[in-house]
Amino acid sequence: MRTTVGIIGGGPAGLLLARLLHRTGMDCVVLEARTREYVEQRQRAGMLEQGTVDALHEAGAAERLKAEGMVHQGIELRFDRERHHIDFPTLTGGRTVTIYAQTEIVKDLVALQLAEGPPLLFEAEALAIEKPDSDSPVVRFRHEGREQTLACDWVVGCDGFHGIARDTFPDTLSRTYERDYPYSWLGILADVAPSCDELIYARGEGGFALHSMRSPHVSRLYLQVPNGTDADEWSDDRIWDELAARFAIDADWTLHRGPITAKSVTPMRSFVHEPMRHGRLLLAGDAAHIVPPTGAKGLNLAVSDVRVLARAFAELHRTKSGQLLDAYSDMCLARVWQATRFSYDMTKMLHAQPDGDAFENRLQLSRLRRIAASRHAAAELAANYTGLPLLM
Ligand code: APR
Ligand code: PHB
């Protein structure tokens with residue numbers, strides 16, 4: 001097989017890139033290791049910056065998003081048993097965010113690609129990327145029990161944090177930066193209407209909790225738990241009691257309870273790999289960087305990488321200039337580090353310290369009180385949360 005751009009990974013990054021390339025008239029092939037059912041069911045985040053919504057429109061993949069996406073004008077912060085609304089449009093000059101689950105984005109992109117192309121192969125696992133620093137890199141992959149090769153002009157590793165693309169970079173080139181956090185999130189889906197129109201980020205006595213949603217009938221909630229927690233240790237009643245305690249405020253407010261349909265524990269990590277290009281191999285999305293979910297930036301960063309990359313390939317295709325491709329890694333990393341900083345700050349501000357450090361506790365509260373009291377501090381949070389401008 002031969003193609004112009006070989007894309008490894010059919011998550012949001014790989015699928016959106018394929019769609020954008022297809023619309024500029026470039027051919028590509030997507031290799032996805034898992035089955036269609038698996039990638040369509042994997043529970044992930046769901047908060048989209050305006051730029052992410054725009055990218056899905058540009059890709060002609062926003063029909064269902066337009067009908068079902070829930071536009072949010074702000075978020076609520078809870079601490080000291082009080083609620084504080086952070087109003088995005090007034091603080092950012094009109095910006096909003098949209099709730100639409102990553103699972104739905106993946107379903108929409110898969111359906112379009114299977115109907116209109118370019119080729120998307122499921123259960124096609126990339127085994128190796130050969131000669132990434134030559135003009136004709138090759139991806140070796142296994143599909144339908146046979147080992148095959150895909151000869152490419154360019155290879156893009158959209159293969160997530162556990163993929164193979166990042167490991168193809170020579171050790172002498174790769175630099176990695178990481179931070180693990182001493183807590184995880186227990187996430188649930190529940191068949192119950194959201195308890196409030198907005199996302200709630202709560203710093204409760206017992207730790208952090210987040211209220212989010214998937215539809216007018218399905219709530220998505222998260223609880224800070226110790227690392228190594230087994231989700232089965234948490235009965236449904238225990239989860240609801242703990243959520244209710246962490247969201248508790250002095251005003252009248254009730255958390256709606258309902259049947260829990262999914263439960264999982266996710267550890268929190270920051271990770272950045274530099275650079276994002278080696279010869280004709282480029283990385284996009286989780287393959288290059290991971291952020292803790294507190295800032296809701298993971299999916300949005302994957303999409304902004306892909307927007308820059310699609311624009312760079314379009315320039316190459318149209319004018320034969322590789323200038324934007326040369327700038328790709330630096331342009332993305334500037335944004336990645338801003339999102340890494342924001343996610344780190346949000347995480348540190350909202351989670352209880354497992355060692356109960358009283359000094360850190362006071363600092364957390366003073367940060368939150370500053371955001372509640374100062375339009376300037378709230379505007380800084382709103383600008384980062386709704387997404388910094390994409391410089392291209
Ligand atoms: N060959 C083919 N496919 C592979 C390989 C391989 N060797 N290794 C991994 N993959 C596939 C995975 O099965 C997965 O479907 O690559 C895909 C990577 O998708 P994601 O992990 O969703 O990563 P990305 O597309 O970058 O999306 C980032 O996902 O983790 C969240 O918070 C993150 O929302 C963000 C988004
Ligand atoms: C989600 O809806 O799953 C979600 C929302 C905001 C976050 C993290 C996850 O910060």
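1. Let's start with ligand 2: one of its oxygen atoms sits 2.6 Å from a polar side-chain atom of tyrosine 222. Tyrosine 201 also has a polar side-chain atom, 2.7 Å from an oxygen atom of ligand 2, and a side-chain N or O atom of arginine 214 is 2.7 Å from a ligand 2 oxygen. Taken alone, ligand 2 exposes 280 Å², and the protein buries 99% of that (Shrake-Rupley areas, 1.4 Å probe). A polar contact here is a pair of N or O atoms within 3.5 Å.

2. A word on the model: it is predicted, with local features needing pLDDT of at least 70 and side-chain atom pairs counting only at pLDDT 80 or more, while totals for chains, interfaces and linings use all residues. Residues are numbered from 1 along each chain as its sequence is written, chains are lettered from A and ligands numbered from 1 in the order written, and side-chain values use heavy atoms, leaving out hydrogens and water.

3. What surrounds ligand 2? There are 13 residues, and Tyr201, Ser212, Arg214, Tyr222 and Pro293 are the closest (a heavy atom within 4 Å). Strands E13 (199-204), E14 (207-215) and E15 (218-225) each supply at least two residues of this shell, and E14 gives the most, with three. Strands are DSSP runs of at least two residues, helices of at least four. By class, the shell has eight nonpolar, three polar and two charged residues.

4. Why does ligand 2 lie between two domains? Domain 1 (5-72 + 99-178 + 269-350) and domain 2 (181-267 + 357-386) both give residues to its shell, so ligand 2 lies between them. The bounds come from an automatic or database domain assignment.

5. Now for ligand 1, which 25 residues surround; the closest are Glu32, Arg42, Arg44, Gln102 and Asp286. Taken alone, ligand 1 exposes 710 Å², of which the protein buries 89%. Its shell has eleven nonpolar, seven polar and seven charged residues.

6. Last, the lining of the second largest pocket takes its largest share, four residues, from helix H7. By class, that lining has six nonpolar, three polar and eight charged residues.

Conventions:
A polar contact is a pair of N or O atoms within 3.5 Å; within protein, one must be able to donate a hydrogen and the other to accept it, and residues adjacent in sequence count only if both atoms are side-chain atoms. Ala, Val, Leu, Ile, Met, Phe, Trp, Tyr, Cys and Pro count as nonpolar, Asp, Glu, Lys and Arg as charged, and the others, Gly among them, as polar.
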